Every structure is written in C-alpha cells, then in structure tokens.
Amino acid sequence: MSTPTSGGASVLVASNRGPISFSVTDAGQLVADRGGGGLVSGLSAVTRHGETLWVCAALSDADRRATANAPRGRLDHHGYDTGGIDVRMLNIDTQTFKRAYNGIANSTLWFIHHHLYDTPNKPHFDGRWRRDWEGYRSYDEAFARALAEEAAPEATAIVQDYHLTLTPRMLREKRPDLRIGHFSHTPWAAVDYFRMLPDDIAREVLLGVLGADHVGFLSPRWAGSFLECCAEFVGGRVDPGAMTVEVDGHVTNVGVHPLGIDADFLRERAAQPDVEARRSALLELAGDRKILLRIDRTELSKNIVRGLAAYRELLRTRPEWKGRVTHFSFSYPSRHDLPEYREYTAAVQRIAAEIEDEFGTDDWTPLHLSVNDDFARSLAAYRIADVLVVNPIRDGMNLVAKEGPVLSERGLALVLSREAGAATDLADDALLVNPFDVSATAEAMHTALSMSSEERTARARGLAASSTALPPSQWFADQIDALRA
C-alpha cells in the first residue's frame, strides 16, 4: 500500500495517449505538440475541482527523450506548454510497451471488443501471447504505481480505455482511499465473443475494471454487455436494474456517459484560413456535383471497403448518378506496424482503383481517395458535403458522425451504421443501415443524395442539436460527480 502524497493532485486522469506529444526537427530540437479531442477538452472543465494531473505514456522516441529530460517525467515542471494541464509522462521499457500496446491492447482487446477476429485462423492464445500478457500487466502496473505516487489523500482518479483495464484494481490495492473510475471509449464485447479469451484472462480483465468504484460506457448497449460478462465470468452479485456489480464486498456502479463534441472549438477552427483554402480546392474538384463524404482512420472496424463497395453498387444500380456525384474518402493511416492494418489499407486502395477504372471518364473522377492525415481538409469537407457516410462494423461512439452536421453549410444527410454508439443519439435524423448489407447501404446513399435541400437542412439541424447536447466538459464532469456522489 502506498502512502498518500501531501500536496498531490486531487483529480487524476490516466490514458495511453496524453495531451502532449513530441517530434524532432531537422536540427535535432524537440518540439511539443498539444493534442485535441474530447478528453483534452473535458479535462479543462474539472480544474474547478482542484489540482489535476494527467498520467500518460511516452509513445515515440521523441516522447522518451523529452521524458528523460524531465524530472520524474513531469513535463509541466520542465517548461513545456501543456495547456495548463499538469502532465506526467511515463517512460516505460520499449519491449514492455510493444508487448502491451501491439500484442495485447491493439491485437487482442481491440479485436475482442470490436468483434474483428478471423476466427478460423485467429486468435492463438499460446505461450508467446502469454508473454505479451505479462508485458500488459507490467504496463498497467506502471500506471497504477504513478497514480498512487501522485494522488492526494482521497483524490479522484479516472482511468481511460482498454489499454488500462487492470490498472483500477492495482491502484485500489495501493491506495484504497482513492475514488477510482474507469471509462471505456470502445464497445464492450458481447458475452459470446468475450468468451474467446482464456477464462483466467477474461476474469482478470473484468476484475481489473471492477477495481473501480464507477465504470463508464458511451452507450447503454456496451454497459449491458459488460454486466453480462461480469455475470458469466466473475460471479458476485450483478444487478442489471441498479447497474451494479458487487465482488468481495466492493460495489462498482456502472454508468452511461454519451460523448458529444466541442462545437465552439470546431466552428472556430473551421473558420481558419487553411480550412478556407482547402474548402475552395475541394469545391473546384467537385464542381456542381453532389458531394458524398467519408472520413475514417484505416481501421478494420471502420468498414471502409464495404462502404466503397456500396458506392460502386450505387453507380451500377442507379446510373443516373454517374457524373453527378463526387465521393471524397479521407482514410487516415492507422497502426501500420500491424500486418492486418497494412493489408486493409491496401484493400481500400484496391477497391478505389477498381471504382476509378470502371466509372472514371475524362471529365469525371467518381472517387477521390486520400490516405494522409489532414484535419483542416476534413473540416472543410464537413462544411460542403451533402451526404456523410459513417458505417463502422462496431464503434464505441464515432464523433465523425457528430462533427459533420455541426459544420454543415448546406444541409447534411447522414448514412449511419446502427452498430455505432452514435446511433443511440442520432437515430431520429440519420438513415440507419446494417453495415454488412452493401446493397442496403447503397440504397441509403441514393435516398440521401435524392433528398431535398430542405429535408437535409432539417435533418442536419436535428443531428447538430443531438451532437452538442453533451459536450466533452459535461461528459467528464458527470463522471467526476458520479464518483463523488
């Protein structure tokens, strides 16, 4: 058991990725880049609760160099602009990090929760995998140790996501005085899929999360799956009505905290000159055609290949759209150190080439595929799109579906997978589709493209209202309040 730190932080956040990252210039100088996203926005709202600290991992060689130069990894004490957030970055052994991050978090837990395995061939839970699991344990232990060291007496610590499922229990053993939360940004696997994990590992994961006092999810569906898995593997007392799990006298409350978007930040950023320039360039490419848009990471769960196949089927079955629509597909690189992701990116590029070969003419490019990250271009595309397609196989929430309607300038129809967490919030104004049904998705694209501008505008207005109802600041504050109730 660790001793409470006098003068330590009263609110702590732990996540694999932090609010700041580093790169190295050609001259060899370290450059700090502040992150964005809902979690960064949300943390700013809890400064009223007292001193806050964000514990994260060094993800690159540049991060490790910065951490090595900062006493105990405290970047806020070393002159870096952390946006007013105290940050401790952990320089975890490179081999341990790779085993935890690639071997377990991204190749096992992500695949389990998103139902991604090619089950005739994978997974293999063998001796090598068990070695990776030991690395994952060590990784989570490093976070638990840092949180225990930094927390003030009776502080609040909220642990983020599938990278750190074991940390809450480890932290409780070190600091039973703390109020501990865990939040899952991903779906939680259905019990029949979760059962693929070795029994002892399934139980360890669940008990690790149940070390928290409050466990949060983005959707009632994911919370329900978690409770079912607890009943199957942990025992104890699971009360689905009260949404509680009691194990060895410790009660964990399970809550649902949907995440909206920071509309003010998006609108301000979307009005900047670099976005305006990209908007003009995209309009020149599209001409007077309707604009169909998708924006994803090249992530297996995002279902890009089926989405492009649906567009191809649209052009085959609804020939009236030939020459009258332009599809922008921005598919940003993701996890290229894993072979499955390299092959998936190649598959996206193959079907894009097939669409161009089949339908392209001298004066019409049916599909513009880009596989480089350009946030300003994404914001510009949101502004001018007529239809946004978001068709993941499974998704914890999907903020793309919420960002587009907020920035839309001419009314936006949303084709949305019913398997995205966002479907719970946006169902009334979106066109919901089965992400595996290519023909139905093609027909939804046709319906969306055929809508009157008045209907698109009305739908976009409803979507925007739903998307901004729970901004990141409120999302995070609600979790703090749940822990302190």
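Helices (H or I, at least four residues) and strands (E, at least two) are DSSP runs, numbered from the N terminus. The model is predicted: local features need pLDDT of at least 70, side-chain atom pairs count only at pLDDT 80 or more, and totals for chains, interfaces and linings use all residues. Residues are numbered from 1 along each chain as its sequence is written, and side-chain values use heavy atoms, with hydrogens and water left out.

**Exercise 1. Helix 10**

Task: Describe the span of helix 10, its buried side and the residue that follows.

Solution: 
- Start with the span. Helix 10 covers residues 273-286, which is 14 residues. From first C-alpha to last, helix 10 reaches 20 Å, close to the 20 Å expected at 1.5 Å a residue. The expected span is 1.5 Å times one less than the number of residues.
- Next, find the buried residues (buried means under 20% relative accessible area, exposed over 50%, partly exposed in between, with a 1.4 Å probe and protein chains only). They are Val275, Leu282 and Ala286.
- They sit on the same side of helix 10, because they cover an arc of only 35 degrees around the axis. The arc is that of the directions from the helix axis to the C-beta atoms.
- Turn to the other face. Away from the buried side, helix 10 carries the exposed residues Pro273 and Glu284.
- Now list the packing partners, where contact means heavy atoms within 4.5 Å. The buried residues of helix 10 pack against helix 9 (263-270), strand 12 (290-297), strand 13 (325-332) and helix 13 (375-384).
- Finish at the end. Gly287 follows helix 10, and its phi is positive, near 65 degrees.

**Exercise 2. The nine-stranded sheet**

Task: Work out the strand order of the nine-stranded sheet, then look at strand 6 and at strands 10 and 11.

Solution: 
- Give the order. The open sheet runs 5-4-1-6-7-8-11-10-9, with mixed pairing. Two strands pair if DSSP finds at least two bridges between them.
- Name the edges. Strand 5 (86-90) and strand 9 (237-239) each pair on one side only. The twist averages 20 degrees from one strand to the next. Axes are lines fitted to C-alpha atoms, for helices over the stretch in contact, and angles run from 0 to 180 degrees between N-to-C directions.
- Look at strand 6 (residues 151-160). Eight of its 10 residues are buried, so strand 6 is largely enclosed by the rest of the structure.
- Check its neighbours. Strand 1 (residues 9-14) pairs with strand 6 in the parallel sense over five bridges, and Leu12 stands opposite Ala157. Strand 7 (residues 179-184) also pairs with strand 6 in the parallel sense over five bridges, with Val159 opposite His182.
- Move to strand 10 (residues 244-247) and strand 11 (residues 250-256). They pair in the antiparallel sense over four bridges. Glu246 has Val251 of strand 11 as its bridge partner.
- Helix 8 (residues 220-233) lies across strand 8 (214-217), strand 9, strand 10 and strand 11, at about 155 degrees to strand 11.

**Exercise 3. Backbone details**

Task: Locate Asp248 and Asn398, and decide whether each is buried or exposed.

Solution: 
- Asp248 is found in the loop between strand 10 and strand 11. Its phi is positive, about 50 degrees, although Asp248 is not a glycine. Asp248 is exposed, with a relative accessible area of 77%.
- Asn398 lies in the loop between strand 15 (387-390) and helix 14 (400-407). Its phi is positive, about 90 degrees. Asn398 is buried, at 8% relative accessible area.
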